[in-house]
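Please keep the sequence and the coordinates at hand.

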Amino acid sequence: MKLDAKIPSGPLETKWSHYKEHCKLVNPANKRKFSVIVVGTGLAGASAAASLGELGYNVTCFCYQDSARRAHSIAAQGGINAAKNYPSDGDSVYRLFYDTIKGGDFRAREANVYRLAEVSNCIIDQCVAQGVPFAREYGGLLTNRSFGGAQVSRTFYARGQTGQQLLLGAYQALSRQVAAGKVKIFSRTEMLDLVVVKGEAKGIVVRDMVTGKISSYAADAVVLATGGYGNTFFLSTNARGCNCMAAWRSYKRGAGFANPCYTQIHPTCIPVSGDHQSKLTLMSESLRNDGRVWVPKNKGDKRPPTQIPESDRDYYLETRYPSFGNLAPRDVTSRAAKLVCDAGRGVGPTGLGVYLDFSEAIGRLGRKAIEERYGNLFEMYERITGEDAYESPMRIFPAVHYTMGGLWVDYNLMSTIPGLFVLGEANFSDHGANRLGASALMQGLSDGYFVLPYTIANYFGSSKKFVPSTDSEEFKEAEKTASDRIKKLLSINGSRTPTSFHRELGKLLWDNCGMARSEESLKTALKKIAVIRDEFWKNLKVVGAENELNQTLELANRISDYMEFAELLCKDALERRESCGGHFRVEYQTEDNEAKRDDENFAHVAVWEYTGEGKEPVRNVEPLKYEVVTMSQRSYK
Amino acid sequence: MNLIKAIFLSSVGRKYIMGLTGAAMSAFVFVHLLGNLQIFLGADALNKYAVLLHSNFAILWGYRLGLGTIALVHIVVALSLWLENRAARPVKYVVNKQPYTDFASKMMVCGGVAIFFFVIWHIVDLTCGLTRPDVVNQTTMLGDKQVADVYHIVIKGIGHPVAGICYLIATCCLALHLWHGLESIFQSLGLRNKTYALYIKIVTKAAVLFLFAGMCLIPLVCMLGILK
Amino acid sequence: MSKDMNLTLKVWRQKDQASNGKMETYQAKKVSPDMSFLEMLDVVNEDLIQKGQDPIAFDSDCREGICGTCSMVIDGVPHGPQRGTTVCQLHMRHFKDGDTIAIEPWRARPFPVLKDLITNRSALDRIIQAGGYISVSTGNAPAANALPISKKASDEAMDAAACIGCGACVAACKNASAMLFVSAKVGHLGLLPQGQPERDKRVWKMISQMDKEGFGNCTNTYACESVCPKRVSASFIARLNRDYAVAVAKGECDR
């Protein structure tokens with residue numbers, strides 16, 4: 001596998017403008033002759049489809065949801081970063097770039113991240129013009145707030161619903177193109193396979209989730225904006241429908257998969273309440289500004305939290321990280337919670353939880369002030385747990401939240417298959433080994449609004465145009481593969497439900513490839529995944545038929561991919577013999593239990609190449625060269 | 001043509017028609033009640049008022065025809081909306097609760113139909129005098145002129161127990177119709193916002209209660225023989 | 001910890017859009033009060049699959065009350081008894097042991113049932129496509145702070161923009177009217193200076209599309225705002241009516 005990142009030459013600051021000035025263009029009259037398939041309608045997909053439609057391309061857009069507006073970008077709460085420097089607190093494009101590189105533990109590509117920081121300001125302009133109601137000052141100008149991992153206030157927000165408002169902006173722009181006839185949307189339609197013709201991505205196979213009909217679409221290029229693979233863990237903050245089918249099946253068609261072991265585990269989620277749990281809910285990171293995290297000092301202390309005296313409480317973040325205290329970064333905080341719970345001092349019925357206590361803040365600022373700051377979050381907590389967090393502390397626990405890994409892309413956002421572009425969380429992204437808060441929205445919109453429209457034209461302008469017929473051999477083969485898999489799932493007729501397998505796989509991953517990983521745990525996981533997968537294909541029970549709305553079948557099909565993908569995830573984690581960002585190997589830690597990077601041997605992107613069913617994938621490497629920043633150790637003591 | 005469609009065929013256009021015609025008829029009802037309440041000022045006052053109302057043929061008939069047209073439009077548009085609303089939910093809920101919808105708003109069509117029949121009877125009975133000529137044909141002397149003795153027509157006409165009970169029932173229907181309708185006018189005409197909502201509610205509900213009290217009072221005093 | 005419950009569910013089952021549906025009865029056993037309503041249905045479904053029966057099809061996605069996918073009428077009330085809450089955030093502690101719960105899909109002519117509790121709500125998408133946007137192509141935007149917007153207008157726009165497009169307003173309305181949905185978008189964009197150039201056109205187009213889809217007419221019962229999980233106020237409907245009158249008066253309908 002050839003990995004050419006195609007990074008433009010020249011100084012970092014001018015790479016993108018130089019690219020835009022010199023890339024190939026498609027003239028306005030010719031644009032309508034090009035067709036593009038966009039899969040996924042989240043921030044990246046919707047913004048890309050809308051922008052391409054505006055330019056004059058013919059876009060066909062697919063989503064598994066019943067409407068484009070429901071993609072999971074909608075659930076992002078906190079905000080979106082941009083280097084506007086409105087508060088005049090010293091922010092700049094370079095600073096946003098540097099914070100992002102450092103936050104990612106020096107495992108991202110400099111040129112990509114710089115471009116991201118550069119276009120961040122255009123995103124805010126664009127969204128305001130679309131009518132996104134960002135928070136404002138009384139004077140009518142936009143306001144900012146601070147967020148984790150930065151020393152400046154650069155986060156724009158719309159109450160606790162920033163993702164929703166940005167997505168609705170993109171969805172509305174997309175709707176305008178639908179009305180103009182430039183975009184056609186197929187909702188409740190799931191991509192089952194990628195079709196590669198003469199080495200180029202030229203179409204997809206989809207299943208109509210209402211009628212079960214499998215069909216193909218061909219185009220000049222395919223854009224995947226299908227999100228991350230967090231749901232492999234069964235319990236995550238992802239939406240129920242999020243899945244990795246599009247990315248995984250593209251991998252099996254030849255796209256390289258980069259850094260699958262980089263998974264972000266968010267420290268402040270509502271703990272699991274029982275075996276019935278279907279998903280986890282995130283509570284905004286901002287709560288840690290006023291909440292204090294603690295557990296009982298004594299193992300097995302079952303007293304209600306309010307009856308545990310100060311002397312019996314362990315404010316472990318404050319003791320362990322005196323200078324950052326409760327505001328330590330996500331990965332550090334998550335691991336610290338795991339350590340105390342492993343020691344048997346976790347709280348709540350399952351013992352997997354720690355307290356986030358506001359009593360001190362309520363005493364200091366008054367209940368009203370806390371209500372104003374976090375009222376909606378306290379209400380959400382009450383909805384889910386039935387507990388009043390003003391009276392007794394919240395219980396929180398880490399949960400899988402975001403995946404930094406994804407399909408490998410070059411500077412053009414094109415994967416190792418020419419013509420296959422990957423945007424947003426689905427690509428291996430600009431976040432390195434760890435993503436900073438409020439950067440996911442920025443990346444999705446940057447890719448869709450401001451990067452892809454240029455790079456796709458460059459692709460069209462520099463390759464020979466052809467769109468194969470969907471009757472061609474490659475399409476028929478892909479349709480048959482997809483259809484056979486579905487038939488196989490239906491024919492097993494065993495005794496276990498798809499969800500039971502998914503839950504088992506998820507727990508295995510969480511225990512062995514979650515917040516802390518070791519050679520031993522990963523090898524155990526790899527062994528057990530094979531066993532679970534084996535049983536899955538022998539003992540699965542799917543009811544109903546293929547040519548109808550069949551949610552069990554949809555689920556089984558997605559889980560069948562997790563069964564394969566989980567293995568790659570663990571392999572990557574095993575091979576990356578260092579700790580960095582979201583990937584923590586217990587063998588590689590400092591004396592005080594912090595992550596220890598190995599820049600000498602692992603300052604690279606690991607790109608996995610599919611070699612065939614049952615064969616070992618090949619691990620390729622794209623070295624990361626830092627020309628501007630100097631790598632350093634992160635410390636929060 | 002689109003203008004016609006925008007006003008007479010669109011959902012919002014027809015809400016304006018309902019609101020405006022409703023407002024006009026509500027205004028009439030209030031004026032009618034205030035006029036009738038003069039019954040408590042004695043026979044001469046009411047009879048004088050009746051003479052005044054009948055003094056100009058053109059105004060009287062213009063007014064009657066205008067009000068009739070407004071009522072007709074209100075009814076026709078209401079029926080068209082009602083039919084569409086029924087069609088918009090072809091399969092009804094098994095648990096058909098209509099949550100958070102108050103009784104008055106559910107009774108708009110029923111109440112409207114009841115009021116329609118009452119008004120027909122009211123006009124036939126008291127305005128035209130076709131059912132009870134002996135009641136309507138009473139006259140009296142006002143100064144040196146012979147005029148219709150409206151004061152006694154009302155007392156005798158409404159004081160009859162069956163008629164009086166009909167009036168009371170009709171008043172209940174009208175009050176219920178306006179309990180929802182009067183406040184609704186402001187919403188339909190776009191004259192309501194969060195700040196005014198509460199005031200509009202208080203004022204319109206108070207007005208309906210006043211109307212209800214006033215309209216019940218007249219048949220009651222007539223039936224109980226308090227006024228003679 | 002409160003005790004587990006046993007419940008009787010009466011659920012609307014309908015094979016597909018062309019078939020007729022009917023209510024069927026299921027037992028939900030050992031329901032934990034900490035489960036969400038949808039998790040309770042998940043458990044029932046796991047049991048049905050084990051028995052080889054078709055599980056109850058229902059829509060859900062984010063399960064944190066923001067995507068607007070989940071949609072069911074519980075005992076006659078869209079999204080169930082807790083106000084300001086989507087059904088995915090409704091938890092079983094609001095029910096009692098032994099309760100019988102009726103579960104039905106949204107019912108409106110423009111929302112045909114696809115299967116069981118799943119409906120097709122693309123009519124709402126078509127209303128947005130008719131004009132629920134500000135026409136600004138990528139890259140055309142002026143600097144974000146070039147145009148100050150009063151905090152009051154911005155906050156009010158946000159109140160309207162909070163709509164998640166679930167369609168509960170339609171489901172609750174005795175006339176199946178979509179006015180709250182339409183008014184939320186017209187209000188959101190109409191309150192902002194960026195939305196002014198297309199304000200008249202937008203309201204005219206969106207109302208025309210809404211009427212075409214076959215929704216009922218608003219009779220001001222305000223059931224919509226009572227069931228709205230995001231508490232969008234029906235005063236936006238008054239605003240919509242006003243905007244419509246202005247647009248028609250300006251002759252927008254013949255442009």
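Trp294(A) stands opposite Tyr355(A) in β15(A). The strands concerned, β13 (residues 292-296) and β15 (residues 354-357) of chain A, pair in the antiparallel sense over three bridges; strands are DSSP runs of E with at least two residues, helices runs of H or I with at least four, both numbered from the N terminus, and two strands pair if DSSP finds at least two bridges between them.

This is a predicted model, in which local features need pLDDT of at least 70 and side-chain atom pairs count only at pLDDT 80 or more, whereas totals for chains, interfaces and linings use all residues. Residues are numbered from 1 along each chain as its sequence is written, chains are lettered from A and ligands numbered from 1 in the order in which they are written, and side-chain values use heavy atoms, with hydrogens and water left out.

In chain A, five strands form an open antiparallel sheet in the order β12-β16-β15-β13-β14. Its edge strands, β12 (263-269) and β14 (313-314) of chain A, each pair on one side only.

Asp357(A) and Arg313(A) meet in one at 3.3 Å, N to O. This pair links strand β15 of chain A with strand β14 of chain A, 44 residues apart.

Asp290(A) forms a salt bridge with Arg364(A), with the closest N and O atoms 3.9 Å apart. Asp290(A) counts as buried because its relative accessibility is 8%.

Notes. Salt bridge = Lys/Arg side-chain N within 4 Å of Asp/Glu carboxyl O. Buried < 20%, exposed > 50% of the residue type's maximum accessible area, 1.4 Å probe, protein only.
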